[in-house]
Amino acid sequence: MTQTEAAPASSTSDEESALSVKGLWKIFGAKADKIIGTPDADLSRKELQAKTGCVMAVKDVSFEVRPGEVFVVMGLSGSGKSTLVRLLTRLIEPTQGSVTIGGQDITGADDARLRELRRNHVAMVFQHFGLLPHRTVRDNVAFGLEVRGVSKAERRARAQEMVDLVGLSGNEDSYPDQLSGGMQQRVGLARALAGDPTLMMFDEPFSALDPLIRRDMQNEVIRLHEEVGKTMIFITHDLQEALKLGDRILIMRDGEIVQIGTPAQVVAEPADDYVKDFVSDVPRSHVLTLRYVCRQPHEGESSDGPVMQADEIVRDAARKVLEVRGAVRVYDGEEFLGVVDDEDILRVVVAEEGTQP
Ligand SMILES: Nc1ncnc2c1ncn2[C@@H]1O[C@H](COP(=O)(O)OP(=O)(O)OP(=O)(O)O)[C@@H](O)[C@H]1O
């Protein structure tokens, strides 16, 4: 994934965003809509539940996702991730707030528009693959196209293309129970891609897979993203997965946003002790970029070293920096940010020795 440290999300307008979420709330329970705007809304989840019986699942969440971005929503169990992703297409009705997908207001959409949106623009990949057991791989992949009324020949051709894309060539005529978990999830990916959605949502798709297969599937998502460039919203409780896949990560706790940032930002500048604690075991050189390591040149330090870009990850930059006598210059595009020398790199690497589990 690219690790672009771009402008803050708030500078993106609704028309430019793939997804725009504003002031979104979900409170489960009777009279939940009477709570927002009252002092009860400021109670902790536990206090609110004790007082009113209502559960604050998602609390005043706002964010923007850019076209082509992989946006990860990360949080521990119960933080509100699944509710949030279901609010985005109104599989769960929001208590308050607005959602705009590709410039279309979802919150006010009638049933027909919602169906059209779910069918043609948004694809979801879940942990439980939701494959139809009596259909072949090919027919599972083509299912959404069938619902849309695409002709049989066109469906077959498109399904084959997607089966090939996810590396399942030769398994077209197998049934789901003849495939391993990883392969079944590939069918789920192919099915999601078949309809050429504008937005793909993944709700903990790899949580049930073995660690090695899970890593393969993460790499597969990265490869597919590079190939098809879709906007992706990826829900996970796994920090490593979030750091690996996300262009940006939204960290949730108790229904609220704690931080939104690039992997490097979250590790270098955690918003609070909760995030700090969360990222404390992360090998920093694998995530931090030169932006967070560079410094102003010392007096008299030569400033004619080679140039590197600020979004280069420290581990990838290390060899080049260590080979240079003196410092390399770090630029964000045309803008000079500072310099980095071998000691600056080693400081990151040595510091992480103490953080490895
Ligand atoms: N239908 C419901 N009625 C009442 N409370 C609910 C409902 N659905 C979810 N909740 C509560 O809302 C909170 C957020 O749940 P949610 O499932 O969104 O979290 P999550 O981060 O996805 O967790 P997990 O990974 O365990 O699914 C939890 O306290 C949960 O118990």
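These legends go with close-up views of a predicted model.

View 1. Six strands sit side by side here in the order β6-β7-β8-β3-β9-β10, forming an open sheet with mixed pairing. At the edges you'll find β6 (122–126) and β10 (256–261), each of which pairs on one side only. Going from neighbour to neighbour, the strands are turned by 15 degrees on average, direction ignored.

**View 2. Zooming in on β9 and β10.** Strand β9, residues 248–253, pairs with β10 in the antiparallel sense, and 5 bridges link them. To pick out one of these partners, look for Ile249, whose bridge partner in β10 is Gly261.

**View 3. The shell around the ligand.** Who surrounds the ligand? Phe28, Val55, Ala57, Gly75, Ser77, Gly78, Ser79, Gly80, Lys81, Ser82, Thr83 and His237 do. Sorted by class, that shell has 3 nonpolar, 8 polar and 1 charged residues. Both β2 (55–65) and α2 (81–88) supply at least two residues each, and α2 gives the most, with 3 residues.

**View 4. Helix α7 over the sheet.** Helix α7, residues 181–194, lies across β6 and β7 (199–203). Relative to β6, α7 runs at about 175 degrees.

**View 5. α7 packed with α8.** Helix α8 covers residues 211–228, and its axis comes within 10 Å of that of α7, the two crossing at roughly 20 degrees. That is under 35 degrees, so α7 counts as roughly parallel to α8. The crossing of this pair is right-handed. On the α7 side, the contact is made by Gly181, Gly182, Gln185, Leu189 and Leu193, while α8 brings Ile213, Asp216, Met217, Leu224 and Val228. By class, the contact has 6 nonpolar, 3 polar and 1 charged residues.

**View 6. α6 packed with α7.** Is α6 parallel or oblique to α7? Helix α6 (residues 152–165) packs on α7 at an angle of about 135 degrees, with the axes 9 Å apart. That angle makes α6 oblique to α7. Here too the crossing is right-handed. From α6 come Arg158, Ala159, Met162, Val163 and Leu165, and they meet Ala190, Leu193 and Ala194 of α7. Keep an eye on Leu193 of α7: it takes part in the contact with α6 and in the contact with α8.

Key
Residues numbered from 1 in each chain as written. Predicted model: local features only at pLDDT ≥ 70, side-chain atom pairs only at ≥ 80, totals over all residues. Pairing = 2+ DSSP bridges. Helix = DSSP H or I, 4+ residues; strand = E, 2+ residues; numbered from the N terminus. Axes fitted to C-alpha atoms, helices over the stretch in contact; angles between N-to-C directions. Contact = placed C-beta atoms within 7 Å. Near = placed C-beta within 6 Å. Nonpolar A, V, L, I, M, F, W, Y, C, P; charged D, E, K, R; others polar. Parallel < 35°, antiparallel > 145°, perpendicular 65-115°, else oblique. Left-handed = near helix turned anticlockwise from the far one by under 90°.
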